[in-house]
Amino acid sequence: MKTKIYLPSQFRAPNLFRSVSQQLLGSAELPRRVEFDFTRLRFVRPSGVVFLSNVTRHLRHNGCEVAYVGTNTHMECIRFLDDSQFFLQHSGELLRAHSRPRATTVPLIEISNEAALLWIENKLISWLSTSSGIPVRDLSELGTCIKELFNNISDHTDAESGSIFAQWYPNEREIRISLADLGPGIPTTARRVGSASGVTDAKAIQLAFEDGFTAKSQPNNQGVGLHYLKQIVVANLNGRLEIHSGTAEVKIQKAGTEPKFTLYEQRGFCPGTLIDIVFHTDKIERSPQEPEVFEW
Amino acid sequence: MVVVHVKSIVDACDTPTQGKTVFSRILGSLKAGEEVEIDFLGVFGMTSSFMNCAFIPLLDTLPFEQIKRQMKVVHANRQIVNMLRERMKVHAERLKSAA
């Protein structure tokens with residue numbers, strides 16, 4: 001059985017979550033071959049790139065052949081995807097020999113959890129510092145948040161890697177970072193906790209962001225990582241988080257002074273977990289060059 | 001006073017294993033009543049996984065007030081300072097209310 005999927009014009013995780021995933025992954029049996037048609041594509045966001053990358057890996061992992069069609073290199077969005085190394089990652093070659101990563105992106109990479117920790121400091125944060133002019137020391141909170149997510153993949157899943165893509169929008173001074181894994185998903189892990197058993201996927205994701213909520217996959221887990229991400233990105237930086245996992249879509253954004261959760265149930269399907277981080281870099285607090293004076 | 005240069009014993013403050021290394025290095029001195037200065041020079045940041053293995057377990061052995069008296073921290077950036085101070089405080093309060 002062969003299935004052809006027309007990708008939506010707006011290539012963002014929520015659109016793919018609702019349309020593509022539901023068509024493909026909602027059914028009991030996966031087709032033997034899937035063709036993703038890029039003809040209608042007009043606009044690309046990092047979350048769309050990482051989402052389709054994750055779905056592709058999921059399909060191939062389950063024995064499904066995946067092909068990309070309608071990849072017209074005269075279209076700017078296709079050239080952007082090629083420069084982002086999407087086709088290199090998933091088809092083994094660039095569409096255009098002279099495609100190169102753009103200065104405003106950290107191209108799509110699938111990276112082992114172990115290697116990611118060093119990569120975040122040496123590549124991601126270094127790139128963002130150069131792009132935005134913000135000193136590395138003031139990007140420590142953001143870098144630690146991304147490390148927390150890779151540590152979560154290590155601690156709570158069997159997945160040995162995650163996929164990540166980042167883009168800097170200089171005019172808006174906005175950064176978007178999308179990261180995904182093919183683990184069991186946050187809802188499945190969260191429901192291992194007695195108080196969360198039986199809750200919906202979206203509610204389970206909300207619980208996972210509470211300080212101290214932990215599935216204790218490892219003895220040292222204290223339930224801090226996702227809470228810390230929320231505090232830094234939403235509470236401190238006025239940014240937003242979008243999480244897709246299982247059948248849930250969850251958005252976290254500040255309302256007044258507190259982070260507010262918006263839960264959507266049964267909107268689509270996401271294998272594993274995808275987290276999209278968006279904020280304006282102008283919100284990052286600058287610190288003096290001298291180290292902080294530590295007082296308890 | 002014992003001075004622990006974090007970068008000389010671990011490459012980074014990212015993983016539980018790195019945290020356990022630092023914990024092993026400081027626990028004995030603190031238990032012996034010595035002052036311990038932890039020098040974070042050159043450390044980019046500290047994850048909760050590291051924190052949970054390096055510092056949180058100190059609270060299982062020593063009173064928080066004693067840790068605060070004996071443990072000094074230098075050359076730490078804002079992220080490290082906030083993570084260390086806030087997580088230790090939260091965990092000490094949890095232990096107190098559970099007792």
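This is a predicted model: local features need pLDDT of at least 70, side-chain atom pairs count only at pLDDT 80 or more; totals for chains, interfaces and linings use all residues.
Helix α9 of chain A spans residues 201–208, and six of its eight residues are buried, so that the helix is mostly covered. The buried residues are A:Asp201, A:Ala202, A:Ala204, A:Ile205, A:Gln206 and A:Ala208.

Strand β10 of chain A holds A:Lys254. Is this lysine, A:Lys254, buried, exposed or partly exposed? It has 16 C-beta neighbours inside 10 Å and therefore counts as partly exposed. Beyond its neighbours within four places in sequence, A:Lys254 is in contact with A:Val234, A:Ala235, A:Asn238, A:Pro259 and A:Lys260. The C-alpha atom of A:Lys254 is also separated by 9.5 Å from that of A:Asn236, which is 18 residues away along the chain.

I turn now to helix packing in chain A, with α7 as the point of reference. Helices α7(A) and α10(A) pack at about 155 degrees, and their axes are 9 Å apart. Angles over 145 degrees count as roughly antiparallel, and α7(A) and α10(A) are therefore roughly antiparallel to each other. Their crossing is left-handed. On the α7(A) side, the residues that meet the partner helix are A:Glu141, A:Leu142, A:Cys145, A:Glu148, A:Asn151 and A:Asn152; on the α10(A) side they are A:Gly225, A:Tyr228, A:Leu229, A:Ile232 and A:Val233. Sorted by class, this contact has six nonpolar, three polar and two charged residues.

Helix α7(A) also packs with α6(A), at an angle of about 165 degrees and with the axes 9 Å apart. These two helices are therefore roughly antiparallel as well. Here the crossing is right-handed. From α6(A), the contact draws on A:Asn113, A:Ala116, A:Leu117, A:Ile120, A:Glu121, A:Leu124 and A:Ile125; from α7(A), it draws on A:Gly143, A:Ile146, A:Lys147, A:Phe150, A:Ile153 and A:Ser154. Eight of the residues in this contact are nonpolar, three are polar and two are charged.

Between the chains, 21 residues of chain A are in contact with 22 residues of chain B. On chain A, the helices α6 (113–132), α7 (140–156) and α10 (225–236) each supply at least two residues of the side that touches chain B. Which of the helices gives the most to that side? It is α7(A), with seven residues. By class, the side of chain A that touches chain B comprises six nonpolar, nine polar and six charged residues.

Finally, I come to chain B itself. It contains an open sheet of three strands in the order β1-β2-β3, with parallel pairing. The edge strands, β1 (2–5) and β3 (71–74), each pair on one side only. Neighbouring strands in the sheet are turned by 20 degrees against each other on average, direction ignored. Strand β2(B), residues 36–39, runs parallel to β1(B), and four bridges join the two. Within β2(B), B:Ile38 is the bridge partner of B:Val4. Across β1, β2 and β3 of chain B lies helix α2 (residues 16–31), which runs at about 155 degrees to β2(B).

Key:
Residues are numbered from 1 along each chain as its sequence is written. Chains are lettered from A and ligands numbered from 1 in the order in which they are written. Two strands pair if DSSP finds at least two bridges between them. Axes are lines fitted to C-alpha atoms, for helices over the stretch in contact, and angles run from 0 to 180 degrees between N-to-C directions. Two residues are in contact if their C-beta atoms, placed from the backbone, lie within 7 Å. Ala, Val, Leu, Ile, Met, Phe, Trp, Tyr, Cys and Pro count as nonpolar, Asp, Glu, Lys and Arg as charged, and the others, Gly among them, as polar. A residue is buried if 20 or more other C-beta atoms lie within 10 Å of its own, exposed if 12 or fewer, and partly exposed in between; C-beta atoms are placed from the backbone. Angles under 35 degrees count as roughly parallel, over 145 as roughly antiparallel, 65 to 115 as roughly perpendicular and the rest as oblique. A crossing is left-handed if the near helix is turned anticlockwise from the far one by less than a right angle, and right-handed if clockwise.
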